[in-house]
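Welcome, and thanks for taking a look at this model with me.

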Amino acid sequence: MNATHDVLVVGGGLVGASLAIALDRLDLDVGLVEVTPPGSLPAVFDQRNLSLADATVNALTALDVMRHLRAPTGAIREIHASRKGDFGRVRMRAADYGRQAFGQVVVARDFGEALEARLATLARLRRYRPARFLGATADTGGCTIRIEAGGGEHLLRSRLLVGADGTRSVVRDALRIGTTRHDYGQTLLVARVRGARAPHGIAWERLTDHGPTALLPRGDGHYGLVHGVPTGDAEAVLGLDDAAFLARVQDVLGWRAGRLLEVGPRSAYPLQRVVADATTAPRAALVGNAAQTLHPIGAQGFNLGLRDALVLAEAIAAHPGDAGAPRVLQTWAQRRHKDRERTLAFSDGLARLTSNPSALMRPLRSLGLLALDADSGLQARLAGGAMGYRGEVPALCRRSAP
């Protein structure tokens with residue numbers, strides 16, 4: 001196995017698969033290194049719920065991914081946010097900004113199946129699976145990449161290597177790019193819940209000392225629940241029977257969304273912030289969680305990662321001939337800098353501010369909620385960010401935008 005590619009993407013998850021699809025539009029020779037074998041999906045495509053911002057939905061529609069979803073999506077038409085122990089709340093409606101929805105909620109597994117169906121239509125894409133990235137060496141013309149596949153080690157050549165292999169990125173380690181890390185001491189418990197009332201397009205978010213608890217409107221008439229707990233309590237909370245677990249969540253949320261009646265299997269995800277010290281190296285780039293893993297408050301993670309991928313495809317298209325040339329990587333990094341820094345600051349700042357248990361913070365947060373609810377200008381900026389229209393965004397994200 002000795003192949004040469006314009007771009008080799010390591011990681012077939014949310015962002016890596018989306019990047020491969022976007023690059024196919026440029027008539028490039030693209031390789032995709034995936035740990036999972038044919039017929040299987042990466043572990044990231046589980047039962048958690050993904051909030052796709054409006055700009056993300058535009059892009060995925062243009063990339064012909066949304067059409068492959070077999071399960072209905074849940075439109076987020078209204079957002080209601082408050083904090084337990086504080087007064088005030090923020091309520092935003094998409095219709096006030098000329099939109100039908102802020103975004104759509106999809107189950108990660110359904111989305112993974114849609115991406116897989118779209119990848120299967122790409123005639124030029126070469127998929128290495130199951131395969132494992134072992135290392136890479138850059139030179140002036142490209143990268144020599146070592147992978148393990150079929151029981152042996154193989155060498156590949158690519159003008160550009162892209163690490164899209166998640167928070168524990170082996171590509172990032174091989175490039176010797178360091179990280180800045182922060183453990184929030186929180187764990188998100190994720191499940192499907194049924195309420196006495198249908199979601200009706202409303203996303204309910206209740207902030208606490210231990211992270212957010214939210215109900216996201218799914219397309220099947222249920223809610224997608226995320227429930228933040230102290231990491232030290234996560235195992236015990238997971239072990240509660242259904243009635244006790246629902247009572248705990250109901251206590252946090254109150255009765256805003258009505259009575260919660262039923263909960264499905266629960267999964268746990270510890271929350272850490274992992275930010276790469278750099279997103280480029282000679283002949284290489286990091287995208288998605290390999291570049292930055294965010295606190296999920298505000299649901300910015302995948303949306304930010306997709307913008308990484310789409311802007312990289314645009315930078316390659318703007319400088320044809322060599323996908324990994326220094327000017328391509330420099331253009332991409334410059335275009336991504338402001339959006340990345342703003343989103344990182346917003347996510348981390350909001351996570352720390354809303355979970356700060358200090359009694360001194362409560363009146364300040366409450367006043368902030370009241371001011372935000374009353375100030376249409378502030379709300380508009382917040383809504384624009386929630387919909388993915390923060391700063392310079394990729395062209396495909398604006399495809400359906402007025």
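## A histidine in a loop

Where is His 222 found? His 222 is in the loop between strand S14 (211-217) and strand S15 (223-230); helices (H or I, at least four residues) and strands (E, at least two) are DSSP runs, numbered from the N terminus. Before going further, please note that this is a predicted model, in which local features need pLDDT of at least 70, side-chain atom pairs count only at pLDDT 80 or more, and totals for chains, interfaces and linings use all residues. Residues are numbered from 1 along each chain as its sequence is written, and side-chain values use heavy atoms, with hydrogens and water left out.

With a relative accessible area of 18%, His 222 is buried (buried means under 20% relative accessible area, exposed over 50%, partly exposed in between, with a 1.4 Å probe and protein chains only). Its side chain makes a polar contact of 3.3 Å with that of Arg 192. Such a contact is a pair of N or O atoms within 3.5 Å; within protein, one must be able to donate a hydrogen and the other to accept it, and residues adjacent in sequence count only if both atoms are side-chain atoms. Leaving out residues up to four places away in sequence, His 222 touches Arg 192, Val 193, Arg 194, Pro 199, Leu 216 and Pro 217, where contact means heavy atoms within 4.5 Å.

## Backbone exceptions

Most residues other than glycine have a negative phi, and most peptide bonds are trans. Arg 176 has a positive phi, near 60°, and lies in the loop between helix H4 (170-174) and strand S12 (179-195). Arg 283, with a phi of about 65°, is placed in the loop between strand S18 (280-281) and strand S19 (284-286). Arg 176 is exposed at 79% relative accessible area, whereas Arg 283 is buried at 6%.

The peptide bond from Arg 129 to Pro 130 is cis, with omega near -10°. Pro 130 sits in the loop between strand S8 (126-128) and strand S9 (131-139).

## The chain as a whole

The chain has 10 helices and 20 strands, and 55% of its 402 residues are buried. Of the contacts with a separation of 6 or more, 73% are between residues 24 or more positions apart. In helix H1 (residues 14-24), 10 of the 11 residues are buried, among them Leu 14, Gly 16 and Ile 21.

There are zero disulfides in the structure (pairs of cysteine sulfur atoms within 2.5 Å). Cys 143 is buried at 2% relative accessibility, and Cys 397 is buried at 1%.
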